[in-house]
Amino acid sequence: MTAGIEIRPYEESDVETIVEFSLRAWEPVFESIRRVLGDAIFTRLHQPDWRAAQAEAVRSGCPTSAERDVFVAVADGRPVGFAAVVLNAFHERMGVVDIIAVDPPYQRRGIARLLMDHSSEHMRARGMDIAAVGTGGDAGHGPARALYESLGYTALPGVRYLRLLA
């Protein structure tokens, strides 16, 4: 299922390909969020367009540093997935998968699992003893929740309420 997939460190030349497939990957997620919040709140939170903010989040989240590493899944000679890991994030010795995406034509092939496994091994090798990842509770995030739970992550329930003020 994941034969021919290579996980390697991020290279600067990867960024635009990663931005492009991330936006395609997250389109159903943002549509799900729109359905949950309604148009008024969604538009207020994501104006003028969620794509611009997400593209910037990917671009700013890809450069590596002493506490941040980014891994890229390569198939057919090009990037098809990525994961950014932050070390010592919320607590000392806690690693966090900060952002992850897989190109839609390559989803459901085990690539996100490979990226999560690689990220966990990286965290362990760098002295982390807790791994964390966050996602949404809406239907669009369902596949992510299923993956994280299958990998042994424990969900910490939380609720955030939003209301548009007139």
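This is a predicted model: local features need pLDDT of at least 70, side-chain atom pairs count only at pLDDT 80 or more; totals for chains, interfaces and linings use all residues.
Reader: What is the reach of helix H3 from its first C-alpha to its last?
Author: Helix H3 spans residues 50–61, which is twelve residues. At 1.5 Å a residue, 16 Å is expected. The model comes close to that, with a reach of 16 Å.

Reader: How many degrees around the axis do the buried residues of H3 cover?
Author: The buried residues in H3 are Trp50, Ala55, Val58 and Gly61. An α-helix has 3.6 residues a turn, so residues three or four places apart point the same way.

Reader: Are H1 and H3 parallel or oblique to each other?
Author: Their axes are 9 Å apart and pack at an angle of about 135 degrees. Angles over 145 degrees would count as roughly antiparallel, and 65 to 115 as roughly perpendicular. The angle between H1 and H3 therefore makes the pair oblique.

Reader: Which residues of H3 does H1 meet?
Author: H1 passes H3 in a right-handed crossing. From H1 come Val15, Glu16, Ile18, Val19, Ser22, Leu23, Trp26, Glu27 and Phe30. On H3, they meet Trp50, Arg51, Gln54, Ala55, Val58 and Arg59.

Reader: Which residues of H5 make the contact with H4?
Author: The axes of H4 (residues 111–125) and H5 (residues 142–150) come within 11 Å and cross at roughly 50 degrees. The two helices are therefore oblique, and H4 passes H5 in a right-handed crossing. H4 contributes Ala112, Arg113 and Met116 to the contact. H5 contributes Leu147, Tyr148 and Ser150.

Reader: Is Val96 buried or exposed?
Author: Val96 is found in strand S4. Its relative accessibility is 8%. Buried means under 20%, so Val96 counts as buried.

Reader: Which residues is Val96 in contact with, leaving aside its neighbours within four places in sequence?
Author: Contact here means heavy atoms within 4.5 Å. Among the partners are Met123 and Ala132.

Reader: How many Å apart in space are Val96 and Ser120?
Author: In sequence, Val96 and Ser120 are 24 residues apart. Taken C-alpha to C-alpha, their separation in space is 9.1 Å.

Notes: Residues are numbered from 1 along each chain as its sequence is written. Side-chain values use heavy atoms; hydrogens and water are left out. Helices (H or I, at least four residues) and strands (E, at least two) are DSSP runs, numbered from the N terminus. The expected span of a helix is 1.5 Å times one less than its number of residues. Buried means under 20% relative accessible area, exposed over 50%, partly exposed in between (1.4 Å probe, protein chains only). Axes are lines fitted to C-alpha atoms, for helices over the stretch in contact, and angles run from 0 to 180 degrees between N-to-C directions. Angles under 35 degrees count as roughly parallel, over 145 as roughly antiparallel, 65 to 115 as roughly perpendicular and the rest as oblique. A crossing is left-handed if the near helix is turned anticlockwise from the far one by less than a right angle, and right-handed if clockwise.
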